[in-house]
Amino acid sequence: MDIGQRLRSIREDRGLSQRELATKAGLTNGTISLIEKNKTSPSVASLKSLLDAIPISMAEFFSTLEDTQTPKVFYRESEFTKVSPTSDGQVSLRQLGNAEQHSLQVLHETYPSGADTGPELLVHEGEEAGVVISGEIEVTVDGAVAVLSPGDGYLFDSRLPHRFRNIGDVQCIVVSACTPPSF
């Protein structure tokens, strides 16, 4: 997906200038311009701030068309929707199905060594939970910090400021869920 083009298209459809969006999101209009030209990839937290300012959910931003006539039950790995910008060293979030058509959002999260959700803490409606499949992840929730290993998990109110960071030397994989879908 061309993230820059998609952001520009949605911004223009909503009648927002780059400057207006930047002000609402707490970023510079130069940053918006670089993202829209695909000259830089936003962190998960920065993209969430931008989309909240529009407003549009990450699920809607990255949504793929799902046949609404026939509910889909099974998904192959290639059918997951990427809901975060991906490039070397950045967090990869892949969503199961179209979260806009369900009350639960399930993500397969990959954190390369040193990757995180961004310097800004995330805050959104709902609850989220996850289980570490491999590697280790540092999770910060409302000032509390824990390093979780395979088999460990978390469950918290997503309105509390939170952040995820791989402080280990190996890739970390987490399977998580959020309700209602807000990412």
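Which residues are buried in helix H3 (residues 29-36)? I opened the predicted model with that in mind; local features need pLDDT of at least 70, side-chain atom pairs count only at pLDDT 80 or more, and totals for chains, interfaces and linings use all residues. Residues are numbered from 1 along each chain as its sequence is written, and side-chain values use heavy atoms, without hydrogens and water.

**Entry 1: helix H3.** I found Ile 32, Ser 33, Ile 35 and Glu 36 buried in H3. Buried means under 20% relative accessible area, with a 1.4 Å probe and protein chains only. Helices are DSSP runs of H or I, at least four residues, and strands are runs of E, at least two, numbered from the N terminus. Just after H3, I noted a positive phi of about 60° at Asn 38.

**Entry 2: the sheet.** I looked up an open sheet of 6 strands, in the order S1-S2-S3-S9-S4-S7, with antiparallel pairing. Two strands pair if DSSP finds at least two bridges between them. Strand S1 (81-82) and strand S7 (153-157) are the edge strands, and each pairs on one side only. S1 pairs with strand S2 (residues 92-95) in the antiparallel sense, over 2 bridges. I traced Thr 81 to its bridge partner in S2, Gln 95.

Note on methods. Buried means under 20% relative accessible area, exposed over 50%, partly exposed in between (1.4 Å probe, protein chains only).
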